[in-house]
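Reader: I'm new to reading protein models. Could you walk me through this one, a question at a time?

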Amino acid sequence: MRVSTYNMFLTGEQAISASQRHLLATELQLSTGKQINSPSDNPVGAANVASLNSTLSQLTQFKSNQGAAQLQLNLADSAMSSLNSLVQDVQQGLVQAGDAAYSDSQRAALAQGLQGDLNQIIGLANSGDGQGGYLFAGSQQSAPPFSQVGNNVTYGGDGVLQSVQVSQNRQLQIKFSGDDLFQKIRPGNGSFVTAANAGNSGSGFIDAGSVTNPSALTGNNYTISLSVSGSSTTYQVQNTTTNQTVTSGIYTAPTTLSFDGLQVKLTGAPGNNDSFTVAPSGYQSIFTTVANAIVALQQPAGTPAANAQLQTALGSALASAGQALDHLTLKQAEIGNQLQQLNSFSLLNDDRWLQTASELSSLQDVDYAKAASTMAQQQTIYQAALQSYSSVSKLSLFNYL
């Protein structure tokens, strides 16, 4: 078989080029730290690397969102804790005000204390989110959600609940509606409210009442009228919604009246034609509850009739404050639940990020010890190819003539 000089040189050049190409590829891997530096290095591996990088980018964004959510929820939880403490202060003040030994001036001092509590409550309801917005404004982030004129407070936010994506399939709420938190509270005992007619002349007053049979509640309005004739006092309960008499009887202090699934207690000596009302609980804000209590404490109670009005107002305010505290505590518990969920998502996200990063590393990161050994072998092969080609290229018949 005849081997031409051209083929011999071509084979040598190809061997040198291949050795050089392999050596350069290994040098590139060592310099970049990556096994795959172009799709041609490993088409399937390159596709897997692109997919894993996309997953890591998404998980990193989730981690950033989780950090932002953590900040917002911690701020909201802190604000709610402070609000609950203030409502407890209000309750304590109302209990003190019910002391029969307190004078008008002492109750006025308590009213000043409640005014300070109210101002702080409004301030907390306008808490910022640390980023120029507000925690309890819904989506309206350009101005504080609550505005105050005297003790009248109005809400300027909305009911849109803002959320961020903290995992592949989970949106977590991080902003809240102040309307839902602070205004949609059922006053009184949560089912109905009691009140004394402003024109009552006797010393009788009514408590906040309670529910005895929820299924029997009608949601109607009632008036309790009292008539005094000599030494006898009678009462009549009228359903003013249906205009029907519900019950009636002789009044002796104290008397507990039970009707239509509820009961109320009358105490003291009502005057002739005194009356009390029982109405279903609508919504009443925590601000209105405290403001009403302030007004009640500012009124002089030097007469039996005025003191009876005070006792009824204090009983109603104390019950409403209790409902507000229960409502706010429940809302804080919901925020706490959000924080617990966030912590779980954060741990899962971190685990998945580590798993994905490990898988990505195994696909693209260079084993430096192995690559260095390979490079040494390739350098030896490359040098051998150069020397072999050099030796072969010197062969010629002229050397033997």
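Reader: Is Lys331 buried or exposed?

Author: Happy to start there! This is a predicted model, in which local features need pLDDT of at least 70 and side-chain atom pairs count only at pLDDT 80 or more, while totals for chains, interfaces and linings use all residues. Residues are numbered from 1 along each chain as its sequence is written, and side-chain values use heavy atoms, leaving out hydrogens and water. Buried means under 20% relative accessible area, exposed over 50%, and partly exposed in between, with a 1.4 Å probe and protein chains only. Lys331 has 12% relative accessibility, so Lys331 counts as buried.

Reader: Which residue forms a salt bridge with Lys331 at 3.0 Å?

Author: A salt bridge here is a side-chain nitrogen of Lys or Arg within 4 Å of a carboxyl oxygen of Asp or Glu. The closest N and O atoms are 3.0 Å apart, and the partner of Lys331 is Asp180.

Reader: How many residues apart in sequence are the parts that this pair ties together?

Author: Helices (H or I, at least four residues) and strands (E, at least two) are DSSP runs, numbered from the N terminus. Asp180 lies in helix H4 and Lys331 in helix H6 (residues 304–364), so the parts they tie together are apart in sequence by 151 residues.

Reader: Which residues are linked with Lys331 in a network of salt bridges?

Author: Lys331 also meets the side chain of Glu334 in a salt bridge (3.8 Å, N to O). Both lie in helix H6, three residues apart, about one turn of the helix. Glu334 is partly exposed at 40% relative accessibility, and Asp180 is partly exposed at 30%. The network therefore links Lys331 with Asp180 and Glu334.

Reader: How many salt bridges does the structure hold?

Author: One of them joins the side chains of Lys175 and Asp129 (2.9 Å, N to O). That pair links distant parts of the chain, with Lys175 in the loop between strand S4 (170–173) and helix H4 (178–183), and Asp129 in the loop between helix H3 (104–125) and strand S1 (146–149). Lys175 is buried at 6% relative accessible area, and Asp129 is buried at 3%. For the structure, the number of salt bridges is six.
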